[in-house]
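Trainee: I should like to learn how to read the features of a structural model. May we go through one together?

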Amino acid sequence: MELLGFILVDGLIYGAWLFIVSVGLTLVFGVLNILNMAHGSLYAMGAYATASAVGAYFAFGGTSFEFGSYLVMVLAAIAVALIIGPLLERGLLRHFYGRDHVILVLVTYGVFLILEDVIKLIWGVTPLFVSEPYSLLGNIEIGPLYYVTYDFLVIAVSVIVGFAVWFWLNRTIQGKVILAVIHDREMSQTMGVNVNKVFMISFTLGVFLAALGGALTAPMISVSPGIGVNVIIVAFAVVIIGGLGSIEGAAIGAVFVGLARAASVHLLPEAELFIIYLVMAVVLVFRPEGLFQKTQARKI
Amino acid sequence: MSAATKIFLGCAIAFVLLIFASLLLPNWAMFLITIAFAKGLVALGIICLMRAGLVSFGQGLFYCIGAYVAAFMSGWTGITDIALLTVLGVVAAAMIGAVLGPLLANYRGIFFAMLSLSLSMILYGTLAKLNVIGGTDGLNVAAPTFLGYSPSGRDLGLALFLFTSLITVLACGAMRVFFDSERGLILLGIRENELRIEYLGFSVRRAISVAYVFAAGLGGAGGVIAALAIGHVDPEFAFWTTSGEFVFVGILSGFYSVGAVFISSIILELVRSFSNLYFPTTWQMSLGAFLLIVIFLLPNGLGSLLSKRDRERGGT
């Protein structure tokens, strides 16, 4: 029984993290129809930017108000999004719209390769550490175990982010315009929607979410080259399990994968490395388009 | 000249050229081409699926199976004969492909790519955790023998190069024949419109399964050769970035020409080696930029340059 509790808590923590790193991917796919392989690099950029920014914050007198570092983390993610998002979407991706999905995967794979080196050029290859925000909130005791409160902060942030994105898409005019573009791009263009702008905003938001995932993760890990490589495939798995383009699906997929991984860590540690892919393969076998994807008619 | 003689002549000429090349090439170049051909064999499997409009992001699975078969066989049973190992690797990979093919044949586009990727990552995860067979460190592979002949030094490199060239040429010929056969042409039809192919009375799923088994076998062959040439295998063979490289070669060459695959593979290895040497920190960047340029300027790959004349005459 106790074990079940651990699995549940660990699973929720991991699932919340998964949701944050993958929700941007599903959003970008939903609007732009691009499965963005560079998502992992954008996550890594967020992590690096945070590591630098928070490091600078503490070096220049941030110790008097340590909680300010959380604000710095969010600002770092916003900065990454505002610089990279419009640049990548306007400068590169728009030239490839309308091509096959798989070709776009490869285009973003190329972007991924480039960004991996850009990261090394900017931040070097030595690992960066910023653990201050992680330990700032202290620990929580649950039963016999101590959890770092920061982990629960991640859960809170992911719930807020999920709700905010959902609210924005479904309850605001801007969001409804985006839904209209998803539904029928040409028709919304004739109705006077600036589709290019919608694409740019959505992509930038996707970049922001990826960078925010990185920013939240940076205090928990040593920020070193290659952190994006693993995240991308995990995020893919979550998004595919949930059904591409579905925010709710990503949430369910993240919790699903989180629990599966926590269960495997506690019960069958050998399987930890591939349990995510196993879950993805099993889901795809029974629901070929993911859990939340509506079936589409075949074209003749 | 009939199509069959043309293919036979093409293969023969290519092989003779490669034999001449082996006399002139320095050791490093011979090794580079051997590895490029081994990877090209896997990429040949990828273009076989690409003809049906499917991109497998998990060919590393078969590459890895082939490599580990070679490692196990030479380590545990003492079989070091390269031809035998290649046959065993191909059979093992094709058998697994025959199990997975019918399952994967239900998927298209992104889902095919991602499911094949997840299968290969499952193998990666399993191998990385199995410490009995080396875990993430992998295994060493003994130098191969060639029908009892066990060379070393430059002779070993030369023998490997010639063997790899032979397999490559044979695979090119066989795949060209397959692509131009009825079953192979159905794949192009599936790419265009699979429902029509179904109405014409062919089984799309069976055609894709067959293509997948071919791709698996080629992946296995590539894996065996790479394992023997490098002398070491590790779970990275099944990692998704390895599979990404094969897709890269496939996209670079396009699916029109079988020879272009190996040229692309050599280009990739050259770009990698030289940028590794001269810009050690930015070689991925040059690779990525190269990929973007190719996709932008040559949507059908290098092969569309080589066989343009053929297509204008109504060939492939």
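Trainee: Which residues of α11(A) are buried?

Mentor: A residue counts as buried if 20 or more other C-beta atoms lie within 10 Å of its own, exposed if 12 or fewer, and partly exposed in between, with C-beta atoms placed from the backbone. In α11(A), the buried residues are Gly249(A), Ala250(A), Ala251(A), Gly253(A), Ala254(A), Phe256(A), Val257(A), Gly258(A), Ala260(A), Arg261(A), Ala262(A) and Ser264(A). Helices (H or I, at least four residues) and strands (E, at least two) are DSSP runs, numbered from the N terminus.

Trainee: How should I regard the model and its numbering?

Mentor: This is a predicted model, in which local features need pLDDT of at least 70 and side-chain atom pairs count only at pLDDT 80 or more, while totals for chains, interfaces and linings use all residues. Residues are numbered from 1 along each chain as its sequence is written, and chains are lettered from A and ligands numbered from 1 in the order in which they are written.

Trainee: What covers the buried residues of α11(A)?

Mentor: Contact means that the C-beta atoms of two residues, placed from the backbone, lie within 7 Å. The cover of α11(A) includes α1, α6, α10 (227-242) and α12 (275-286) of chain A.

Trainee: What span should the residues of α11(A) have?

Mentor: The expected span of a helix is 1.5 Å times one less than its number of residues. For the 21 residues of α11(A) that gives 30 Å, which agrees with end C-alpha atoms 30 Å apart. Helix α6 (residues 149-171) of chain A, with 23 residues, reaches 32 Å from its first C-alpha to its last, close to the expected 33 Å.

Trainee: At what angle do the axes of α6(A) and α7 of chain A cross?

Mentor: Axes are lines fitted to C-alpha atoms, for helices over the stretch in contact, and angles run from 0 to 180 degrees between N-to-C directions. Here the axes of α6(A) and helix α7 (residues 173-183) come within 5 Å and cross at roughly 75 degrees. The two helices are therefore roughly perpendicular, a label for 65 to 115 degrees; under 35 is roughly parallel, over 145 roughly antiparallel and the rest oblique. Trp168(A), Leu169(A), Asn170(A) and Arg171(A) of α6(A) make the contact with Gln174(A), Gly175(A), Ile178(A) and Leu179(A) of α7(A).

Trainee: Is Ala94(B) buried or exposed?

Mentor: Ala94(B), in helix α4 (residues 82-104) of chain B, is buried, with 22 other C-beta atoms within 10 Å. Leaving aside neighbours within four places in sequence, Ala94(B) is in contact with Val213(B), Ala216(B), Gly217(B) and Gly220(B).

Trainee: Where does Leu147(B) lie?

Mentor: Leu147(B) is in the loop between β1 (139-140) and α6 (154-180) of chain B. Its phi is positive, about 50 degrees, although it is not a glycine. Leu147(B) counts as exposed, with 9 C-beta neighbours inside 10 Å.

Trainee: How many residues of chain B are in contact with chain A?

Mentor: In chain B, 35 residues are in contact with 37 residues of chain A. On the chain B side, α5(B) gives the most, with 14 residues.

Trainee: What is the mean pLDDT of chain B?

Mentor: The pLDDT is the predictor's confidence in each residue, from 0 to 100. Chain B has a mean of 87, and 97% of its residues reach 70 or more. Over residues 312-316 of chain B, however, the pLDDT is below 50. Where pLDDT is low, the predicted coordinates should not be read in detail. For the complex, the predictor gives an ipTM of 0.81 and a pTM of 0.86.
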